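Visitor: I would like to learn how to read this structure. Could you walk me through it, one feature at a time?

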There are 2 protein chains.
Amino acid sequence: MALDPRELLREKRDGRAHAPESIAAFIAAATRREIPDYQVSAWLMAAFLNGLDATETDALTRAMLDSGRVFDWTALGRPSADKHSTGGIGDKISLVLAPLVAACGAIVPMVSGRGLGHTGGTLDKLESIPGFRTTLPPDQMRAQLDRVGVVMVGQGPDLAPADGLIYALRDVTSTVESESFIVSSIVSKKIAEGARAIVYDVKCGSGAFMKTIEQARSLAGRLVATSRAMGAKASAFITDMNWPIGRAVGNALEVAEAWDVLNGKPVPGTRELTLTLSAEMVRLAGVESTGAAARSCVERALDSGQALETFRKMVRAQGGELDPLEKGALHPAPVVLDVLADRDGILAACDGFALGELLVSLGGGRRRKEDAIDPRVGLVLERSLGDRVKRGERIARLHLGAPDAAAAARVAACFAIEAQPAPPLEPDLVIERIG
Amino acid sequence: MALDPRELLREKRDGRAHAPESIAAFIAAATRREIPDYQVSAWLMAAFLNGLDATETDALTRAMLDSGRVFDWTALGRPSADKHSTGGIGDKISLVLAPLVAACGAIVPMVSGRGLGHTGGTLDKLESIPGFRTTLPPDQMRAQLDRVGVVMVGQGPDLAPADGLIYALRDVTSTVESESFIVSSIVSKKIAEGARAIVYDVKCGSGAFMKTIEQARSLAGRLVATSRAMGAKASAFITDMNWPIGRAVGNALEVAEAWDVLNGKPVPGTRELTLTLSAEMVRLAGVESTGAAARSCVERALDSGQALETFRKMVRAQGGELDPLEKGALHPAPVVLDVLADRDGILAACDGFALGELLVSLGGGRRRKEDAIDPRVGLVLERSLGDRVKRGERIARLHLGAPDAAAAARVAACFAIEAQPAPPLEPDLVIERIG
């Protein structure tokens, strides 16, 4: 169709809905760079302020998907599944879950992102394994999926390139936090990578992007609906992000924790959330037909060491060295400081946003895309939410690349210790299930 | 100040007001091209949708003004005055008014624009005078203002360059019709050209940008208030634009009509509106202290031929040839068609927008900046609003550059002829006065 970007801008400016074909033409032309950035960015602001309805969000997702290559793994003869998390503190679930679901018989073509701001990214965690390659040619992806059942890679330039363009403009125009934009970005990538059963982990709480249950519920509902509109099976969990997941926060430390869980260690939080999400993937993909059977399947695959074996194969196939993991010596930090309780009381809360930002400032994350990450930097919690602690007692160990006298106290300040905290103090990991 | 455009975008996106210093820094940086167009355009959309309040509009105007050269003619020892019209069909008022007010003793440093879309531009009209130059170096402007009292030129690149940048982006992002943007664009140019008494003619009706009296009143109020905030005297008239001004519509034909009025012909509409606006300029500039004295002054200057003499001097000073005007032979059209009433009845309305668009399509205006204009194309009305006409009777003559069999009927269709039209049928030229 002949498209006048000004007409489209006027339409959204005036709060009218776009026809799906208009969105398709607009995104296609933008991807071909036939529409200048200044018109795309004005549209982003108009759409941010006046909103996109469900039909428009689906059309935007479809347009992003159609802008590039779409993988199809059906010829491999096994169902494909994936999981997406909206990002939380200490979220290393994918590292265990992806090989675990593959060990159950699905294929997991996981495309992940890098960390930016207070939450980390799966790619950065994987790259703390020496030699691990997160860029693979399609042939190699296919071969590895066939042989190992799982790949964990970054978004190549040919996968939903419109998303790359739009995301860069959202970032510089303060239009990131639009539900429709978030949904189209996430779902288009998951469908493009070839996943046909998708489980969403929508984090909710102080350390998450979604602060309220209402926001989380709305986003989860849209993710599921749009995924289904794209022809995939989908469901979502809203999970608590008022306390870090598991014990470790930081790139190499999280990989080490994932390794521990794969080796059967019952790390609280991490193991349970992994099993919940993995079982849902296995059920949704149709590997098992009931939730109970799926749960048994993933427990068995984890406890038997099959998931660990799949993880090893994946790391080797992608060029990574297992030795440091086997020896418990993945990027040891030269400086390890005790983080001490600064009063008597009960561990009542963690300001995940502040903690994440603090770790970024200590080198453990990046503020800008160009920043390098120190994989050694991080935190290992020794106490949990609801634990009674005494002033001066250690609650965590802080791993640093270089001495920093003030850092431990700044970490301690992210944890609230109260005399009489309001219940509940058990982090209720799964708050709600959608779809 | 250090400015993060993303912060500014977030502020307006969220409906908060900008500090004047933020607007100043943003516009200054945008003018230096330190802020990319895609951020400026996203801000334009946010400001369009969430609005700019009076303080922000004043700050934006000030920032546009400060982006370039600001003329100051006080050393010439006479008050400066100007008029701005928001654009109407057949609006050739400036051509008579500028020399007329100069003849009364004010200086008129008029910077005008070109036509785009259904209304014409004063520059295009002037350029139908062979040789007339609308670009003058500042020294020549000063010398001519001193000697003749009036210059009529286009906006040079050093006059409010931020306005040029912003206007171009408004055009391509469908954010033209924002009152704050309109006000800042108009007022910054008038102040930059050195006018210190400004009369606004806000057109209202089918052929105008402002369709309702409420819109017109709001715009007029803002134009006056912002002009005063910039240190100028200002007032505004809301005038009728449901019927063309005077008799002629079209570039050369309007210049010929202006010439007629300067020569004392009582062309209805054109003469009266010119006198009203001119008298207000003369009073506002302080050349005369009462409205009655100002009215006498402008009537005298027009009827005595002083205004005509000033016009002649201006045309000669700017390189134009007076001969075609003197001989009544300014771009005669090779084809002149009769526009006939298509039924019996009373001339009840003119769809000015449709008429303007039709004349553009016949070559008399431009759709895009690059388009050439045929100065010969236009219309001369022979009948007025409220006149009783018979089917087949001539109501106008259509001037064309080339034969076009269907054109006359299409022009006729722009005029409504009704058996019993609703009163009033006298075009009430001045609807309201503001300030």
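Guide: Let us start with contact, which means heavy atoms within 4.5 Å. This is a predicted model, where local features need pLDDT of at least 70, side-chain atom pairs count only at pLDDT 80 or more, and totals for chains, interfaces and linings use all residues. Residues are numbered from 1 along each chain as its sequence is written, chains are lettered from A in the order in which they are written, and side-chain values use heavy atoms, with hydrogens and water left out.

Visitor: Leaving aside neighbours within four places in sequence, which residues is Val339(A) in contact with?

Guide: Its partners include Leu379(A), Arg394(A), Leu398(A) and Val411(A).

Visitor: And how do I read a nonpolar core?

Guide: It is a set of buried Ala, Val, Leu, Ile, Met, Phe, Trp, Tyr and Cys residues joined through side-chain atoms within 4.5 Å; buried means under 20% relative accessible area (1.4 Å probe, protein chains only). The largest one here has 83 residues, and Val339(A), Leu355(A), Leu379(A), Leu398(A) and Phe415(A) touch the most other members. Another core, of 82 residues, lies apart from it, with Leu126(B) and Leu277(B) among them.

Visitor: How are two copies of a chain related?

Guide: By a rotation about an axis and a shift along it. With least-squares superposition on the C-alpha atoms of residues with pLDDT of at least 70 in both, chain A can be laid on chain B with an RMSD of 0.1 Å, by a turn of 179° and a shift of 0.0 Å along the axis. The two copies are thus related as by a two-fold rotation axis.

Visitor: Through which surface do the copies meet?

Guide: Through the same one, because 100% of the interface residues of chain A are also interface residues in chain B.

Notes
Buried means under 20% relative accessible area, exposed over 50%, partly exposed in between (1.4 Å probe, protein chains only).
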